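I opened my notebook to look up the pockets and the ligand site. Here is what I wrote down.

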Amino acid sequence: MRILSIQDISCYGQCSLTVALPILSSLGVETAILPTAILSTHTAGFKGYTFLDLQHELPKIEAHWNQEGIRFDAVYTGYLGNTDDVQVALSIAKGKLNRGPLIVDPAFGDHGKLYPGFDKAYVESMANLVREADVLLPNLTEACALLGIPYVERPSKEEIQEIFAKLHLLGVKTIVLKGIGNNETSTGIAVSHNGEIQYYSHPKLPRDFHGTGDVFASVFVGGYLQGLSPIASGTLAADFVCDAIKNTIDDPAHGYGVKFEPLLTALGEKLISLK
Ligand code: PXL
């Protein structure tokens, strides 16, 4: 199992590739990277971050890999940076390098808002990538934005079914929707796969952290590519995010991400017990 993850590198701040690499390694998945941009930090809660766009480098890396006959068993994309980066990622993910599924975490917004620097054009370019995806991992903000419908914070079961139906019409086979059943004390996921919708809910912890979407996506990708079903992969990922938040919640100095590292050995063992 050798995959390619296409995302930015946020040098400091526990998100995107600095989260994906340790998690996927601990789940036994060899992961090559294609960084779309290098930022000094992530864009939430830091001011004056730097941003170096690497889009022009990516086709050169792709050409070299093709010359070497390198192939991947899946591509997993996350935060990409700008519309051109999405275009380049799309052409690479659908090109010769990838002989497996494309797993897309849209990673452009949360809580009804787009992340800084993103606009309607970015969402539309991400919709083009989503049309090619086999597995999609949106939160409710991203699902609604991709469909061009108003954000619903607490959708009914009927509204969830409608969101899934419309996303499937774009061409996606498997969808894991995050932030479902959200209330004061619990939250969860809904998974739509093979004509069936399954739910998993878990306690909601009283503090929000940045980067948990990337932690979720990375654990999901590792579990899924190691043979777990979509709902089992989503459950593994949701439980891991909860454990990582519990491990961080009492540390007031640690607000930029979650302290997931001490939990990685147990995560690897849990995957083995589930296989
Ligand atoms: O966690 C997603 C993410 C990744 N990379 C960068 C970000 C964010 C979310 O804001 O800013 C640079």
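I started with the second largest pocket, which holds about 160 Å³ of space. A pocket here is an open set of points on a 1 Å grid over the protein atoms alone, where a 1.4 Å probe fits and protein lies on both sides within 12 Å along at least five of seven lines. Its lining residues have an atom within 4 Å of a point. This is a predicted model: local features need pLDDT of at least 70, side-chain atom pairs need 80 or more, and totals for chains, interfaces and linings use all residues. Residues are numbered from 1 along each chain, and side-chain values use heavy atoms, without hydrogens or water.

I listed the lining of the second largest pocket: Leu114, Lys120, Val123, Glu124, Ala127, Arg131, Ala145, Leu146 and Gly148. Helix H4 (120-131) and helix H5 (140-147) are the elements that each give two or more residues to this lining. H4 gives the most, with five residues. By class I noted five nonpolar, one polar and three charged residues.

Next I turned to the largest pocket. About 1100 Å³ of space lies in it. I found 48 lining residues; Asp110, His111, Asp208, Thr212 and Gly213 lie nearest the centre. The lining has 19 nonpolar, 18 polar and eleven charged residues.

What takes up space in the largest pocket? The ligand does. (To sit in a pocket, a molecule needs more than half of its atoms within 2 Å of the grid points.)

A polar side-chain atom of Asp8 lies 2.9 Å from a ligand nitrogen. For Thr43, the distance to a ligand oxygen is 2.6 Å. For Asp214, a ligand oxygen lies 2.7 Å away. Taken alone, the ligand exposes 320 Å², and the protein buries 98% of that (Shrake-Rupley method, 1.4 Å probe).

Note on methods:
Polar contact = N/O pair within 3.5 Å; in protein donor to acceptor, adjacent residues only side chain to side chain. Points joined across faces, edges and corners; volume = space filled by probe spheres on them. Nonpolar A, V, L, I, M, F, W, Y, C, P; charged D, E, K, R; others polar. Helix = DSSP H or I, 4+ residues; strand = E, 2+ residues; numbered from the N terminus.
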